[in-house]
Amino acid sequence: MEISLVLIAALLYLGLALSFILVVDNLVGLVFRDSRTPQRLPSFDIGRAFAASQKFHRK
């Protein structure tokens, strides 16, 4: 029974810590807004990559 109480307390502590981190992160994001435009990641077409790998594999 003691182990289950410790496990529940540990999980509650982790949940509280993670929620606190998320709240602080969002508050910091509100205060320090990035004026630059966000960089877009280049789109990666999996079908084309698979076709290229098959073509390379045949050689």
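Here are a few friendly notes on this predicted model.

1. The chain has two helices and zero strands (DSSP runs: helices H or I of at least four residues, strands E of at least two). Helix 1 covers 2–31 and helix 2 covers 46–58.

2. Helix 1 has 30 residues and should span 44 Å at 1.5 Å a residue; its end C-alpha atoms are 43 Å apart, which agrees. The expected span is 1.5 Å times one less than the number of residues.

3. Of the 59 residues of the chain, 0% are buried (under 20% relative accessible area, with exposed meaning over 50%, 1.4 Å probe, protein chains only). Helix 1 lies largely in the open, because zero of its residues are buried.

4. F32 sits in the loop between the two helices and counts as exposed because its relative accessibility is 64%.

5. Residues are numbered from 1 along each chain as its sequence is written. Local features need pLDDT of at least 70, side-chain atom pairs count only at pLDDT 80 or more, and totals for chains, interfaces and linings use all residues, while side-chain values use heavy atoms, leaving out hydrogens and water.
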